[in-house]
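I open this notebook to record what I looked up in one structure. The entries run from the whole chain to single pairs of side chains.

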Amino acid sequence: APVYRDSKIKGSDLMDKVASVRITADQRWNRLLSAARVGAFDVVRAHELYQLLLAPFEPHLAGVRHLIIVPDDVLLGLPFGALITKAEGESYWKLAAIDQERRWPTPEEVMEYRKLPWLMQNYAITMLPSATALRALRHSRRLLQSAREPLIGFGDPVLDGWAQARGGSMLATRGAAVSVADLRRLGNLPGTKDEL
């Protein structure tokens, strides 16, 4: 049955939490911002986001092994699998302290991440751009099963930009002409070659 919960949080506070988890999880950002001493992965915010977004639904998720998430634009860049389900244990508190100190963990301390209760350990997670995409995917699967032609896929374009968030930047065209130069400035699409 459908279940709904309100979470009281300012949009700016939610964006800050998502950005902190995203930035500290993304090694490209960590390398770029090393001078700013970004520090370790933000386990505290990763747990706070779990408490805010998914913990209210725990009683309804008994026996569920696959989550299908349709995020809005604020949550689109959030790596849901990297959310921390419990703020407890020596490893959690040790890594939280390291992040608070704004320093990089030592190689020995990095091993503590293996002991954390990640959301991805409990669920397979699928991200969809919209709820109607699920219907389209189910329909296309039936079409593919009945198709007799081999797949022809195009992807992994050579682009000059760098995507700062999942999904990267988009061009608002609405029928307007877009130059090749504008398209080349878009962020790369890592993983599309493997997907094809």
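The entries below concern the chain, its surface and its salt bridges.

**Entry 1: basis.** I note that this is a predicted model, in which local features need pLDDT of at least 70, side-chain atom pairs count only at pLDDT 80 or more, and totals for chains, interfaces and linings use all residues. Residues are numbered from 1 along each chain as its sequence is written, and side-chain values use heavy atoms, with hydrogens and water left out.

**Entry 2: secondary structure.** I looked up the helices (DSSP runs of H or I, at least four residues) and strands (runs of E, at least two), numbered from the N terminus. The chain has eight helices and two strands. Along the sequence, their order is α-α-α-β-α-α-β-α-α-α.

**Entry 3: burial and surface.** I used relative accessible area, where buried means under 20%, exposed over 50%, and partly exposed in between (1.4 Å probe, protein chains only). Of the 196 residues in the chain, 30% are buried. The chain's accessible surface, by the Shrake-Rupley method with a 1.4 Å probe, is about 13,700 Å². Carbon and sulfur atoms account for 56% of that surface.

**Entry 4: contacts.** I took a contact to mean heavy atoms within 4.5 Å. Among contacts between residues at least 6 apart in sequence, 78% join residues at least 24 apart.

**Entry 5: salt bridges.** Side chains of opposite charge can pair when their charged atoms come close. I counted a salt bridge where a side-chain nitrogen of Lys or Arg is within 4 Å of a carboxyl oxygen of Asp or Glu. The count by this rule is eight.

**Entry 6: lysine 17 and glutamate 48.** What separates the closest N and O atoms of this salt bridge is 2.5 Å. Lysine 17 is in helix α1 (residues 11-25) and glutamate 48 in helix α3 (residues 43-53), so the pair ties together parts 31 residues apart in sequence. Glutamate 48 is partly exposed, at 30% relative accessible area.

**Entry 7: aspartate 99 and arginine 102.** I found these side chains in a salt bridge at 3.3 Å, N to O. Aspartate 99 is buried at 6% relative accessibility, whereas arginine 102 is partly exposed at 44%.

**Entry 8: arginine 103 and glutamate 109.** This salt bridge has its closest N and O atoms 2.9 Å apart.

**Entry 9: a network.** I also noted that Glu90, Lys94, Glu112 and Lys115 are joined into one network by salt bridges that share partners.
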